[in-house]
Amino acid sequence: MQIAVLGAGSMGHGIAHVSAMAGHDVVLRDVESGFVENGLEEIRTNLQGGVDRDKLTDAEMEATLERIEGTTDLEAAVEDAALVIEAVPEDMDLKKDVFSDVEDATGEETIIASNTSSLSVTEIASALEYPERAVGLHFFNPPHIMDLVEVVVAEQTNDRAEKFAIDYVRDIEKEDVVVRDTAGFATSRLGLVLGLEAIRMVERGIASPADIDEGMTLGYGHPMGPLELTDHVGLDVRLHIAEHLREELGERFKPPQSLRRKVQAGKLGKKSGEGYYVWEDGERVGMSGRWDDDA
């Protein structure tokens, strides 16, 4: 199957990676060639990590890379695609514009999916003349490691699009959960509650980020603690989602002031080198702030 992934950032290149690993031909598109090149290089780096850990062979790595091409040309990226997945920034107007542009360049049978983690897929789909082919495919970061994909069914989504999305998720060897379109879906809504409370605990000096995270990984079996996850997702992304869910669902999603301050200071997590932890070359090397433990 031909798949187009729009947006070569952490989510986009990860979605391209897992799709190509499953045998699909993938076109990874972004608005600048540098973004595309960075995304392709990240895919190669992650695949090489899999080879180094004996998770796949050199031949499998090269075959996967051969199935991925990059471009800045939207029409060229989507014209032959059976599935288009947008993974652009979490901005409603931008996502609606992308959906509209994709529809103009594809046939009526092409399924158009959004990787949004919190925005209304129903509203995004309203930009389409044929919104019944729209669906949400909410991957988790990083997509090549996380097993879950949340299939979000919009008000307009028809049975064909829903089944197509579920079949695709299973084909790339991920686990699907199906939810109806609502603010924060299921996972972002629940995950954000945990993440915001962990931030408040740090803010009040109750425990260090490392101790909170260790409590959740060892005590509850989470693969990653809520503060490390926040650093992976991006503090700016978490703040944006919290503000959106506060508008939709009420004050329990009010962002902590310490989260706002970190974002204002440019401490956005792993991508900026500091969030609740300090990062060097993609690895945790310490905690941000007054905590003495080396994480």
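This is a short talk through one predicted protein chain, from its overall build down to a few single residues.

Okay, ground rules before the tour. The model is predicted, so local features need pLDDT of at least 70 and side-chain atom pairs count only at pLDDT 80 or more, while totals for chains, interfaces and linings use all residues. Residues are numbered from 1 along each chain as its sequence is written, and side-chain values use heavy atoms, with hydrogens and water left out.

Let's start with the whole chain. You'll find twelve helices and ten strands in it; these are DSSP runs, H or I of at least four residues for helices and E of at least two for strands, numbered from the N terminus. The radius of gyration is 19 Å, close to the 19 Å that the globule rule gives for 295 residues, so the chain is as compact as a globular protein of that length. For the record, that radius is taken over C-alpha atoms, and the rule is 2.2 Å times the number of residues to the power 0.38. Along the principal axes, the C-alpha atoms fill a box of roughly 55 × 45 × 35 Å.

On burial, 51% of the 295 residues count as buried. Buried here means under 20% relative accessible area, exposed means over 50%, and partly exposed is in between, with a 1.4 Å probe and protein chains only. The accessible surface comes to about 13,800 Å², and carbon and sulfur atoms hold 45% of that. Those areas come from the Shrake-Rupley method with a 1.4 Å probe, and for residues, only the protein chains shown count as cover.

Then contacts, meaning heavy atoms within 4.5 Å. Of the contacts with a separation of 6 or more, 64% are between residues 24 or more positions apart.

And charges: how many positive and negative side chains does the chain have? There are 28 positive and 60 negative ones, and the centres of the two sets lie 8 Å apart. The count takes Lys and Arg as positive and Asp and Glu as negative, without His or the chain ends. Each charge is placed at NZ of Lys, CZ of Arg, CG of Asp or CD of Glu.

Now for the aromatics. The structure holds two aromatic pairs. Rings of Phe, Tyr and Trp (its six-membered ring) pair if their centres lie within 6.5 Å; planes under 30 degrees apart are stacked, over 60 edge-to-face, and the rest tilted. Phe139 and Tyr168 make an edge-to-face pair, at 6.5 Å centre to centre with 65° between the planes. This pair links distant parts of the chain, with Phe139 in strand E6 (residues 134-139) and Tyr168 in helix H7 (residues 159-171), 29 residues apart. Both Phe139 and Tyr168 are buried. Tyr277 and Trp279 are also edge-to-face, again at 6.5 Å centre to centre, but with 80° between the planes. Tyr277 is buried at 0% relative accessibility, and Trp279 is buried at 8%.

Most residues other than glycine have a negative phi, and most peptide bonds are trans. So which peptide bond is cis here? It's the one from Asn141 to Pro142, with omega near 0°, and Pro142 sits in the loop between E6 and strand E7 (148-153).

There are positive phi values to point out, too. Asp54 has phi near 60°, in the loop between helix H2 (33-52) and helix H3 (58-66), and is exposed with a relative accessible area of 70%. Glu173 has phi near 65°; that residue is in the loop between H7 and strand E8 (175-180), exposed at 73% relative accessibility.

Back in the H2 to H3 loop we also have Thr57, which is partly exposed at 41%. Its C-alpha is 47 Å from that of Gln257, 200 residues apart along the chain.

His13 is in helix H1 (residues 10-21), with a relative accessible area of 9%, so it counts as buried. What does His13 touch, leaving aside neighbours within four places in sequence? The contacts are Gly7, Ala8, Leu28, Gly39, Glu42, Ile43 and Asn46.

Val153 is in strand E7 and is buried at 3% relative accessibility. With neighbours within four places set aside again, Val153 is in contact with Glu162, Val178, Val179, Arg180 and Asp181. The C-alpha atoms of Val153 and Ala207 are separated by 39 Å, and the two residues are 54 apart along the chain.
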